[in-house]
Amino acid sequence: MTKRNSFFLVAMAAAVIVLMASGFSRSVRAQEHVAESGMQLITLGTAGGPLPQKNRTQSSNLLVVNGRLYLIDAGDDVTRRIVQAGYDFLQVSKIFITHAHSDHTMGLATLLVSEWEYQRRTPIDIYGAVGTEALVRGAIQYLTPNAEIRWSEGKRTPMASIFHGHDVAPGLIFQDENVKVTAVENTHFHFTPDSPGYGKYKSYSYRFETPGRVVVFTGDTGPSDVLTELAKGADVLVTEVGVPDEIIDLYKKNGTWQKRPPEEQEAFLRHMHEEHITPEDVGKMATKAGVKMVVLTHLLPSANPDDDYRRYVDATKKYFPGRVVAAKDLMQF
């Protein structure tokens with residue numbers, strides 16, 4: 001066999017391998033879930049707080065409307081959860097961040113770079129209050145060394161040309177043929193004048209109006225009349241919930257509470273009581289707003305890693321007669 005023929009055969013074999021790999025990739029992608037018409041809600045991550053939990057990832061929800069994917073928050077491991085839910089993470093192009101706490105944003109950079117690795121060229125828009133644009137710029141800076149290394153692999157799409165952060169004011173922030181998204185400022189943040197966040201950062205709740213159903217995401221919040229108004233008549237209220245005494249008892253048992261100085265303990269107590277809502281708060285808000293269903297999420301750590309939070313459901317139902325579910329990761333509604 002001549003060297004020329006040998007080279008030709010090697011080249012042909014390489015081409016076949018590339019084609020097979022490409023076909024395999026398309027086959028795998030074809031097996032992913034394709035949403036039918038209508039609306040579906042998936043609670044991708046249901047854990048609250050910045051600390052990792054054994055059986056739950058942090059806050060993120062996926063709304064699928066007529067096959068289009070809308071992501072609300074991007075807690076840790078959100079990309080993997082999207083795949084585990086049977087959806088194509090490459091189809092996520094609209095992301096809505098309720099606030100800039102790490103348990104709602106920790107997975108954002110991973111999702112963005114995962115899409116970039118496939119050299120996506122259509123824009124990915126990330127909406128939220130002040131700080132969202134900074135989060136996206138920070139993600140790009142963090143991912144730049146990887147992008148510069150992969151330039152030699154032919155991956156030369158500038159990340160800044162596809163990742164677009166948008167700091168938006170309360171009101172109508174986005175609308176297309178599938179969803180109308182309205183934001184209000186809630187009561188999650190109470191900054192003191194000496195805080196670097198004073199007068200700067202805000203926390204949002206979102207109302208998604210779709211052709212079939214209305215879904216409201218509270219994000220993190222304390223009791224709020226503005227949020228109750230936003231939730232009026234919603235089909236589904238996806239809400240954070242927690243019991244301050246439970247998390248403090250847990251911290252006391254594991255010894256972390258005693259290590260905190262008194263001023264930090266006081267600040268944490270104020271944060272939990274003023275900037276979060278209890279099951280009783282949820283029940284009263286849901287009844288006043290006339291929502292049809294409540295999904296409890298952002299569930300705080302428990303001494304029992306397999307906790308089903310049934311007590312939260314029962315406490316909510318004392319004030320709300322409709323259906324209440326304590327969500328788990330990857331539940332679908």
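The legends below describe a predicted model of one chain, from its overall make-up to its largest cavity.

**View 1. The chain and its secondary structure.** In this predicted model, local features need pLDDT of at least 70 and side-chain atom pairs count only at pLDDT 80 or more, while totals for chains, interfaces and linings use all residues. Residues are numbered from 1 along each chain as its sequence is written, and side-chain values use heavy atoms, with hydrogens and water left out. The chain holds 9 helices and 14 strands, which are DSSP runs numbered from the N terminus (helices are H or I, at least four residues; strands are E, at least two).

View 2. Of 333 residues, 50% are buried, meaning under 20% relative accessible area with a 1.4 Å probe, protein chains only. Where contacts (heavy atoms within 4.5 Å) link residues at least 6 apart in sequence, 68% join residues at least 24 apart.

**View 3. The largest cavity and its lining.** A cavity is a set of points on a 1 Å grid over the protein atoms alone where a 1.4 Å probe fits but cannot get out, and lining residues have an atom within 4 Å of a point. The largest cavity, with a volume of about 100 Å³, is lined by 16 residues, and Asn61, Asp73, His104, Gly219 and Thr297 lie nearest its centre. Strand 2 (60-65) and strand 11 (236-240) are the elements that give two or more residues to this lining, and strand 11 supplies the largest share, 3 residues.

Key: On a 1 Å grid over the protein atoms alone, a cavity is a set of points where a 1.4 Å probe fits but cannot get out, and a pocket is an open set with protein on both sides within 12 Å along at least five of seven lines; lining residues have an atom within 4 Å of a point. Grid points are joined across faces, edges and corners, and a volume is the space filled by probe spheres set on the points.
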